Amino acid sequence: MTGVYDVAVVGAGVVGSAIARELARYPRLSVALVEAQDDVGQGTSKANTAILHTGFDAVPGSLEARLVREGARLLAAYAAESGIPVEPVGALLVAWDEEQLAALPRLAEKAEANDHHATRLLGPAELYEREAHLGPGALGALHVPGESVICPWTTTLAYATQAVRHGVELHLDTRVEEVGRQDGVHVLTTGAGTLRARWLVNAAGLHADTLDARLGHRDFTVTPRRGQLIVFDTFARTLVNHILLPVPTALGKGVLVAPTVHGNVLLGPTAEDLDDKRATGSTADGLAALRARGRRILPELLDEEVTAVYAGLRAATEHDDYRIRAHPGQAYVTVGGIRSTGLTASLAIAAHVTGLLTEAGLDPGPVRELEPVRMPNLGEASPRPCERPDLIAADPQYGTLVCHCERVSRGEIRDALASTIPPRTLDGLRRRTRARAGRCQGFYCGAALRQLLEEARP
């Protein structure tokens with residue numbers, strides 16, 4: 001790899017991809033987006049609760065609170081422009097005992113301090129009117145309008161696609177093994193060769209502290225916090241109308257029940273602090289604990305079929321705020337401690353980081369408007385391509401189903417394989433189309449999808 005980039009962004013999760021997209025607004029900059037794995041959004045960004053937060057319960061006055069508030073507005077507008085599915089279902093923080101009930105007014109005050117003025121306390125009668133299938137014994141709730149569900153897969157891919165189309169060079173399968181500086185230039189030794197950049201942005205997620213330490217900083221330590229989740233079949237979707245949240249604790253927002261834009265229902269996550277940053281497996285104990293919690297929240301949910309289970313690792317640190325720091329003398333910005341709110345805050349984080357780079361001495365040059373991207377809408381609230389006679393009339397491949405569970409057509413598979421950032425694996429294809437994400441988990445369509453993927457490889 002030859003040449004020197006102006007900026008290298010390490011980590012192509014939702015935050016790193018958003019930063020690369022923001023930097024792409026400056027045509028004079030040469031930018032590299034560097035990712036250890038074989039696709040964008042392969043870490044925490046693909047395995048979260050997929051909630052577009054309002055930031056009502058962030059620590060007032062914190063950087064996270066400001067960026068979540070700004071990011072929610074930016075991402076809602078971006079999603080509408082780009083075809084990313086969003087459903088503003090609202091949330092209910094449900095109190096199951098007197099202590100939790102007493103905490104609700106304080107949470108409402110916290111929301112006010114975070115400039116969210118629409119929360120409202122509900123008594124049991126109105127709560128059960130809104131959520132008829134809720135388990136017995138709930139004493140009340142705090143209604144939080146504006147909390148939404150979103151597609152996290154499409155969000156990361158949209159950012160990265162827009163960045164690449166505007167000149168950002170994406171380096172997949174490029175794990176940073178060493179980092180040093182020579183003559184004012186960062187030298188990144190990777191498994192795919194050497195990269196050089198004048199400025200470096202560390203958006204490495206779970207590994208942000210490791211990269212930070214290699215540059216001489218000990219500002220934070222990432223302790224991977226595993227969140228296991230259960231995905232219930234689309235038949236369960238009628239059981240819940242809102243995101244059902246517990247009263248939060250120091251470990252996070254706790255176990256929730258939430259609809260998804262894909263028509264499923266999520267139960268989770270757990271919150272397990274671990275040492276292993278690769279421990280994304282589910283456990284029998286974790287899933288049993290989730291089912292026990294779920295039975296209290298929404299008893300009928302446990303009678304529904306489970307479509308999948310998965311686990312993600314959040315980049316928890318010893319601090320209660322993001323760890324975003326500029327080091328002007330090193331031409332370096334670290335973006336650490338971005339937890340479950342990172343998806344919501346991503347566009348605001350990107351703007352903030354770009355501002356820090358500029359203040360530290362980067363001259364980005366003139367700015368331009370980016371050409372919009374239009375992503376395939378994977379949400380159930382919009383017609384699937386196989387349900388659109390106009391598309392099928394123009395191209396019959398949109399009427400030929402490959403994945404019957406998720407109603408994914410051959411045309412959608414073809415489009416994904418020919419896209420700006422094509423999938424390299426069946427999992428990557430699933431994140432772009434929903435193929436293999438349904439009831440049979442690829443039992444019937446897996447072989448056909450594998451063949452189409454192999455045929456598309458150069």
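About 80 Å³ of space lies in the largest cavity of this predicted model, where a cavity is a set of points on a 1 Å grid over the protein atoms alone at which a 1.4 Å probe fits but cannot get out. Its volume is the space filled by probe spheres set on the points, with grid points joined across faces, edges and corners. The structure holds one cavity of 30 Å³ or more. Because the model is predicted, local features need pLDDT of at least 70 and side-chain atom pairs count only at pLDDT 80 or more, while totals for chains, interfaces and linings use all residues. Residues are numbered from 1 along each chain as its sequence is written, and side-chain values use heavy atoms, with hydrogens and water left out.

Let's walk around that cavity. Its lining (residues with an atom within 4 Å of a point) includes Asp39, Lys46, Trp153 and Arg431. Helix α5 (152-165) gives the most, with four residues, and α11 (426-433) also supplies at least two; helices here are DSSP runs of H or I with at least four residues, strands are runs of E with at least two, and both are numbered from the N terminus. By class, the cavity lining has four nonpolar, three polar and four charged residues. Nonpolar covers Ala, Val, Leu, Ile, Met, Phe, Trp, Tyr, Cys and Pro, charged covers Asp, Glu, Lys and Arg, and the others, Gly among them, are polar.

Next comes an open space. The second largest pocket holds about 1,000 Å³, a pocket being an open set with protein on both sides within 12 Å along at least five of seven lines. Its lining has 46 residues, and Gly43, Ala204, Gly205, Leu206 and His207 lie nearest the centre. Strand β18 contributes the largest share, five residues. This lining divides into 18 nonpolar, 19 polar and nine charged residues.

The structure holds two aromatic pairs, meaning rings of Phe, Tyr and Trp (its six-membered ring) with centres within 6.5 Å; planes under 30 degrees apart are stacked, over 60 edge-to-face and the rest tilted. Tyr78 and Tyr159 have ring centres 5.3 Å apart and planes at 50°, so they are tilted. This pair links helix α2 (residues 63-82) to helix α5, across 81 residues. Tyr78 is buried at 5% relative accessible area, and Tyr159 is buried at 0% (buried is under 20%, exposed over 50%, partly exposed in between, with a 1.4 Å probe and protein chains only). In the pair of Phe443 and Tyr444, the centres are 5.1 Å apart and the planes at 85°, so it is edge-to-face; both residues are exposed.
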